[in-house]
Amino acid sequence: MKSKILLSTLLTTAIATSAGAALAQTSVTMEGVADGFAGSMRNSGDAASTSKIGSGGLSTSYIGFKGSEDLGGGLKASFTLGAFYRIDDGASGRFNGDTFFARDANVALSNQYGKITLGRMTPPTTLPLYMFNPIEDSFTLSPLVLHAIVGTSVFPGTFGKTDSAWSNSIRYTSPTFAGITVNLHYQFGETAGNSSKNNKGANVLYQNGALGLGLAYHDVQVGNPVDNPIVPNGPSVMLSVPVAGGPNLVATRQKLTFIGGSYDLAFMKLFATYDRATHNVDLKDQTGTLGVSVPAGSGKFLAAVAQTKRESTVFDDLKRTTVSVGYDYFLSKRTDLYAFVMSDKTTNYANAGSFAVGMRHRF
């Protein structure tokens with residue numbers, strides 16, 4: 001009887017130990033942002049201001065899941081899924097027709113030699129865009145993001161229709177050495193009989209103490225999530241620029257180089273970027289930005305300015321200048337309140353002002 005009890009105890013202990021080890025090797029977490037604001041928004045060139053309750057003042061609202069499994073021998077498997085939503089009306093996506101997991105949808109394997117990721121993910125030029133400006137990934141209030149990705153009806157974004165994530169892509173991420181990390185990206189065009197249709201790019205990121213630096217490049221042909229969001233399977237339209245008195249300049253390929261940096265002085269953090277985009281039509285964009293983040297009380301003052309110069313022999317040079325200033329107050333580590341004012345001016349159009357007050361909660 002004693003031997004049976006002892007054997008039963010040993011088996012129970014072994015099973016419990018094995019289950020505990022398995023649980024320790026696998027983890028799945030949920031994360032996200034809920035961000036809503038009230039304000040009045042207007043771009044230079046808009047007919048009038050729009051009073052609104054909006055979603056994603058400082059960060060685009062999303063819900064996501066991450067998981068990883070230790071496979072042994074230093075090898076790890078992981079996945080990331082992220083879906084945007086609009087907190088003002090509860091709709092899914094950033095806009096009507098947006099793909100469901102528009103933020104992230106990928107799987108990866110990693111070891112001491114780096115990480116290979118497959119699926120939909122942040123492209124090479126977008127990550128440093130967020131890193132080297134004080135208002136980070138705001139598609140509502142960050143001048144750099146507004147110039148690069150969002151654009152207006154009279155001044156389309158300089159990054160064209162590449163989206164803030166690439167579908168059908170593969171990425172290699174190097175181990176971090178002496179503060180340097182390298183990412184190599186390739187997006188398949190998935191066009192039968194045309195392997196030359198693709199997107200490619202890379203970035204080099206450096207972080208060592210107070211200093212951060214980034215260099216990024218992309219060569220883009222393919223739109224996301226389809227060639228043309230208006231005409232599926234139609235011609236790839238990267239950028240369509242209105243030209244007074246004539247037809248639009250329509251670019252189908254873009255090459256862009258981006259450099260950025262930040263330096264933390266403790267009492268303030270400074271930011272600066274410059275990017276240059278050339279297109280396969282008579283069109284060139286150059287954007288420069290300066291920004292600052294200043295700790296103050298339980299929050300920080302944030303300010304940034306971006307100016308883009310658009311050049312072509314078809315039309316006179318155009319400029320867009322956007323300035324954003326605000327205060328971000330932290331109620332806790334996860335919850336903050338913010339208030340911003342913004343000014344936007346495009347050549348040949350009147351200056352436009354906007355303001356927004358909102359709340360962001362991370363979970």
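Good morning. The protein exposes about 17,800 Å², of which carbon and sulfur atoms supply 62%; such accessible areas come from the Shrake-Rupley method with a 1.4 Å probe, and for residues only the protein chains shown count as cover. Please note that this is a predicted model, in which local features need pLDDT of at least 70 and side-chain atom pairs count only at pLDDT 80 or more, while totals for chains, interfaces and linings use all residues. Residues are numbered from 1 along each chain as its sequence is written, and side-chain values use heavy atoms, with hydrogens and water left out.

I begin with the overall picture. Of its 363 residues, 43% count as buried, where buried means under 20% relative accessible area, exposed means over 50%, and partly exposed lies in between, for a 1.4 Å probe and protein chains only. Among contacts (heavy atoms within 4.5 Å) with a separation of 6 or more, 54% join residues 24 or more positions apart.

Which residues make up the largest nonpolar core? There are twelve: Phe-37, Met-41, Leu-58, Ile-135, Leu-141, Leu-146, Leu-302, Ala-304, Tyr-338, Phe-340, Met-342 and Ala-356. A nonpolar core is a set of buried Ala, Val, Leu, Ile, Met, Phe, Trp, Tyr and Cys residues joined through side-chain atoms within 4.5 Å. At least two residues of this core come from each of strands E1 (26–41), E16 (299–311) and E18 (335–346). E18 gives the most, with three residues. A second, separate core has eleven residues, including Leu-144, Ala-148, Phe-159 and Leu-256. Returning to Phe-37, its contacts beyond four places in sequence include Lys-52, Thr-140, Tyr-338 and Ala-356.

Strand E18 also deserves attention for its partners. Two strands pair if DSSP finds at least two bridges between them. E18 pairs with strand E17 (residues 318–330) in the antiparallel sense over eleven bridges, and Tyr-329 has Leu-337 of E18 as its bridge partner. E17 and E18 form a hairpin with four residues between them. With strand E19 (residues 352–362), E18 pairs in the antiparallel sense over ten bridges; here the bridge partner of Met-342 is Ser-354 in E19. The hairpin of E18 and E19 has five residues between the strands, and Asn-348 in this hairpin takes a positive phi near 75°.

Finally, the aromatic rings. How many aromatic pairs does a search of the whole structure find? The search finds six. Rings of Phe, Tyr and Trp (its six-membered ring) pair if their centres lie within 6.5 Å; planes under 30 degrees apart count as stacked, over 60 as edge-to-face, and the rest as tilted. Phe-100 and Phe-101 form an edge-to-face pair, 4.8 Å centre to centre with 85° between the planes. Phe-100 counts as exposed because its relative accessibility is 53%, whereas Phe-101, at 28%, is partly exposed. The rings of Tyr-338 and Phe-340 have centres 6.4 Å apart and planes at 65°, so this pair is edge-to-face as well. Both Tyr-338 and Phe-340 are buried. Phe-301, Tyr-327 and Tyr-329 form one aromatic cluster.
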